Amino acid sequence: MTYTTDAKLVQGMPARRVDKAFQSNIRKQSLNLRFFPNGKRNCYKINVKQDTQYLIRATFFYGNYDGVNVIPTFELYLGPNIWAKVYANDTVKEVIHFTRTKSIQICLVDIGSGSPFINTLELRPLDPNAYRTTTGSLKKLVRFYLSNSTDTSSIRYPDDVYDRRWRNYFEEKLWLPITMGLSLDTNDNEYDPPEKVMQTAAIPIDANATLEVEWSAESPTTQIYVYLYFSELQILQANDTRTREFDVFLNGASFDEPISPVPLRSTTVFNDGPKLCTDGKCVLQLKKTSRSTLPPILSALEVYTVMDILQLETNDDDVNGIKDVQDTYDLRRITWQGDPCVPKQFLWEGLNCNQSDNSTPPTIISLDLSSSGLTGVPRKQFKV
């Protein structure tokens, strides 16, 4: 997997290398970083395929690149909408986003707590039928597979065709590990979980116990989507009458119909609408049914929170027009980055926009270039 430089995507912002003391602990692509000491908002504009589902991942490893040893805090935006607050070293932010235009903008915003920086920015197209939501985009909260392996490295590309990062998790006092060396069928699953992930699973030590997984949400009002991955890894003989069937509950509410995993075939179960967790605490429970003789089994789990798209991007024709003006007259203002009109606190200098209705894209209604030092006669297509 090849990484390329971002030099053509930024306006002369400096690059640095993490301190030597940290270089042996991080991936090669994160050794360098770009930092932004100037301007309130600095953005990457990236061409994408319209109407496509993307996994977008940004990595931030400070590594004392500036010798100050003070980790900065800043905000990360996807277009005009806030994505996350970055305030820790070795931080990875992921969002699954459906593109409605031919480009997206990833912006880093200075909030007065040190210069924003970024090490890597990755975009991976996904199956169009996977991770669909009723509204908003999906921010990754949890992704792990159930294994007691001592290997702490994550499973990702090429094992995962979408380059998702899977880390192992296991409750030694409560679960028994199940592993399978045979190949599994994942081809008819649009979520395409890695075979290595699906070759491991956990069951309760007590065959009559509930298999539970807990995690915390950002707040009690945070909407979540849960994706569960199953496969039957205990292959029974033809004359074996044992069965495995279990119900899934999220905070006590039924999640789906009873599940009977298919031998050596991956199945993904998910909620078809956003869910809430009581007091911000989420409890997933797998309970065997009355007809089941085997305990519940689980291979992997993903949890995402809904990132509301509260602000639409500026009208495409208006954006193309103002970009034409910018390129024609070589206007390189530090404030002319990201969406021209929104959010309001980052309105481009000299612009006036109509933003009265959040249900329709903002439009540019005037442009003042009187302080730009321009001379000569305007091009005809810019005359009113």
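Let me begin with Asn251, which is found in the loop between strand S17 (246-250) and strand S18 (253-254); please keep in mind throughout that what we are looking at is a predicted model. The phi of Asn251 is near 50°, a positive value in a residue other than glycine, and Asn251 counts as partly exposed because its relative accessible area is 25%.

Asp163 also has a positive phi, of about 60°, although it is not a glycine. Asp163 sits in the loop between S11 and S12, and it counts as buried because its relative accessibility is 1%, where buried means under 20%.

Staying with that loop, which runs between strand S11 (137-146) and strand S12 (167-169), we also find Tyr157 there, and the peptide bond from Tyr157 to Pro158 is cis, with omega near 10°. With 42% relative accessibility, Tyr157 counts as partly exposed, and together with Met1 and Tyr3 it makes a nonpolar surface patch of about 300 Å². A cis peptide bond also joins Val342 and Pro343, with omega about -10°, and Pro343 lies in the loop between helix H2 (316-328) and strand S22 (351-354).

Four strands form an open sheet in the order S3-S8-S5-S6, with antiparallel pairing. Strand S3 (41-47) and strand S6 (81-86) stand at the edges, each with a single partner strand, so one side of each has no neighbour in the sheet. From one strand to the next, the twist averages 20°. S3 pairs with strand S8 (residues 103-113) in the antiparallel sense over seven bridges, and Cys43 has Cys107 in S8 as its bridge partner.

Note on methods. Residues are numbered from 1 along each chain as its sequence is written. This is a predicted model: local features need pLDDT of at least 70, side-chain atom pairs count only at pLDDT 80 or more; totals for chains, interfaces and linings use all residues. Side-chain values use heavy atoms; hydrogens and water are left out. Patches are made of residues with over 30% relative accessible area and no salt bridge: like charges are joined within 9 Å, nonpolar side chains (Val, Leu, Ile, Met, Phe, Trp, Tyr) within 5 Å. Accessible areas come from the Shrake-Rupley method with a 1.4 Å probe; for residues, only the protein chains shown count as cover. A salt bridge is a side-chain nitrogen of Lys or Arg within 4 Å of a carboxyl oxygen of Asp or Glu. Helices (H or I, at least four residues) and strands (E, at least two) are DSSP runs, numbered from the N terminus. Buried means under 20% relative accessible area, exposed over 50%, partly exposed in between (1.4 Å probe, protein chains only). Two strands pair if DSSP finds at least two bridges between them. Axes are lines fitted to C-alpha atoms, for helices over the stretch in contact, and angles run from 0 to 180 degrees between N-to-C directions.
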